[in-house]
Amino acid sequence: MVSLGFVSSSDRCPDHVRHVRVLPGDASSATFTPAGVEIAPDHLGRTRWLLTWYVPDRITIETWTRRMASQLHVLAWNPWCLDVESLERTMGLPADRALLLWGEPFWSVYPADSRNDIVVYLIVGEHRRLIYQAVRHWEARFTHVRFATEHDLDGASSGQQ
């Protein structure tokens, strides 16, 4: 089961959470690599793991998204968080639309782990309501993906959706 949670910013993620961002990449470059992992301190001095996934173009979204899901599964990161704003900027779409296009191929490949819950935080920023609509779509489409209020680090007590 994949339990989705919300967090307003990367600063609010628990220290042990690995970070994932999506950036544009140049597939025509001889040095193009689809992903890079960094271990570095953030601006608060905490050591962070970061996977940067470089997107060659929006046209091949199913291909790169499926590869991204496979890579994250191999890395076995739990928990991890997705920088929704980086996905939004890279795809040039509003947060909900970018997540819907990304999520369909991603969750179809990213497996449920029957032994334990995988926790994925979405950094929602100011787009909580829009992002929640994408999450509702995923819940209806993929039986192994569920929003979990216990992983809603900013809105569980406020009842916001």
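Modeller: On the side of helix α1 that is turned away from its buried face sit the exposed residues R67 and V74. This is a predicted model, and what follows is computed from it. The buried residues of α1 are I61, W64, T65, M68, A69 and L72. Looking down the axis of α1, these buried residues fall within an arc of 140 degrees, so they line one face of the helix.

The buried residues of α1 pack against the strands β2 (18-24), β4 (47-55) and β5 (80-83), and against the helices α2 (84-91) and α3.

Next comes the stretch that follows the helix. Just after α1, A76 takes a positive phi of about 55 degrees, although A76 is not a glycine. A76 is found in the loop between α1 and β5. Its relative accessibility is 59%, so A76 counts as exposed, the cut-off being over 50%.

P79 is found in the loop between α1 and β5 as well. The peptide bond that joins N78 and P79 is cis, with omega at about 0 degrees. P79 has a relative accessibility of 9%, so P79 counts as buried, the cut-off being under 20%. Leaving out residues up to four places away in sequence, P79 touches H16, V17, R18, V119 and Y121. From P79 to S108 there are 29 residues in sequence and 19 Å in space, C-alpha to C-alpha.

W80 comes next. Again not counting residues up to four places away in sequence, W80 touches V17, R18, V20, L72, W102, F106, Y110, I118, V119, V120 and Y121. One of these, L72, is among the buried residues of α1.

In soluble globular proteins, nonpolar side chains tend to be buried together. Here the largest nonpolar core has 39 residues, and those with the most contacts inside it are M68, W80, L82, W102, W107 and W138. The largest share of this core, six residues, comes from helix α3 (residues 95-109). Apart from this core lies another, of seven residues, among them V7, V17, C81 and I123.

The aromatic rings deserve a look of their own. A search of the whole structure finds 13 aromatic pairs. In one of them, W102 and F106, the ring centres are 4.3 Å apart and the planes meet at 20 degrees, so the pair is stacked. Both residues lie in helix α3, four residues apart, about one turn of the helix. W102 and F106 are both buried. In the pair of W102 and W138, the ring centres are 5.9 Å apart and the planes are at 55 degrees, so this pair is tilted. W102 lies in helix α3 and W138 in helix α4, so the pair ties together parts that are 36 residues apart in sequence. W138, like W102, is buried. Ring pairs link W80, W102, F106, W107, Y110 and W138 into a cluster.

Helix α4 (residues 128-141) also holds E139. E139 is buried, with a relative accessible area of 15%. Leaving aside neighbours within four places in sequence, E139 is in contact with V145, R146 and F147.

C81 is in no disulfide, and the count for the model comes to zero disulfides. C13 has 2% relative accessibility and counts as buried. C81 is buried too, with a relative accessible area of 0%.

Technical notes. Residues are numbered from 1 along each chain as its sequence is written. This is a predicted model: local features need pLDDT of at least 70, side-chain atom pairs count only at pLDDT 80 or more; totals for chains, interfaces and linings use all residues. Side-chain values use heavy atoms; hydrogens and water are left out. Helices (H or I, at least four residues) and strands (E, at least two) are DSSP runs, numbered from the N terminus. Buried means under 20% relative accessible area, exposed over 50%, partly exposed in between (1.4 Å probe, protein chains only). Contact means heavy atoms within 4.5 Å. A disulfide is a pair of cysteine sulfur atoms within 2.5 Å. A nonpolar core is a set of buried Ala, Val, Leu, Ile, Met, Phe, Trp, Tyr and Cys residues joined through side-chain atoms within 4.5 Å. The arc is that of the directions from the helix axis to the C-beta atoms. Rings of Phe, Tyr and Trp (its six-membered ring) pair if their centres lie within 6.5 Å; planes under 30 degrees apart count as stacked, over 60 as edge-to-face and the rest as tilted.
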